[in-house]
Amino acid sequence: KMVRGGITLKENEILVYPNPTTGEVTIKFNVPVDGNVNLSFIDASGKLVQTVLEQYMPSGNYTYQASLKGFANGNYYTTMTSAAAISVNKTILNGE
């Protein structure tokens, strides 16, 4: 689920919460210029484990719901790549 608008973020900013998480996360991110956007989870070794969003988006602030359920406990990096920048947020998974 994705929502446009909401809180105002700095250009290229990405927030992930709750962090640490047991699986479900909310990702808030800023797309500084219109263009293709990729939102992904990368594991601590740098391996892509899931692409959660890949599409053209107009500039603005967005909120996206995603899940790390089924992944091994540990550190992950939530990345947002756009035409203008790459933003990264360390996300800790402490599943049950």
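Where is the place of Ile86? Ile86 lies in strand 8; strands are DSSP runs of E of at least two residues, numbered from the N terminus. The model is predicted, so local features need pLDDT of at least 70 and side-chain atom pairs count only at pLDDT 80 or more, while totals for chains, interfaces and linings use all residues. Residues are numbered from 1 along each chain as its sequence is written, and side-chain values use heavy atoms, with hydrogens and water left out.

An open sheet holds four strands in the order 5-4-7-8, with antiparallel pairing. Two strands pair if DSSP finds at least two bridges between them. Strand 5 (48–57) and strand 8 (86–93) are the edge strands, and each pairs on one side only. On average, neighbouring strands of this sheet are turned by 15° against each other, direction ignored. Here axes are lines fitted to C-alpha atoms, and angles run from 0 to 180 degrees between N-to-C directions.

Strand 4 (residues 35–43) pairs with strand 7 (residues 74–81) in the antiparallel sense, over six bridges. Ile42 stands opposite Tyr77 in strand 7. Phe41 also belongs to strand 4. Phe41 counts as buried because its relative accessibility is 0%; buried means under 20% relative accessible area, exposed over 50%, and partly exposed in between (1.4 Å probe, protein chains only). The C-alpha atoms of Phe41 and Asn89 are separated by 9.7 Å, although these residues are 48 apart along the chain.

Ile86 is exposed, with a relative accessible area of 62%. Tyr77, Ile86 and Val88 make a nonpolar surface patch of about 290 Å². Accessible areas come from the Shrake-Rupley method with a 1.4 Å probe; for residues, only the protein chains shown count as cover.

How values were computed. Patches are made of residues with over 30% relative accessible area and no salt bridge: like charges are joined within 9 Å, nonpolar side chains (Val, Leu, Ile, Met, Phe, Trp, Tyr) within 5 Å. A salt bridge is a side-chain nitrogen of Lys or Arg within 4 Å of a carboxyl oxygen of Asp or Glu.
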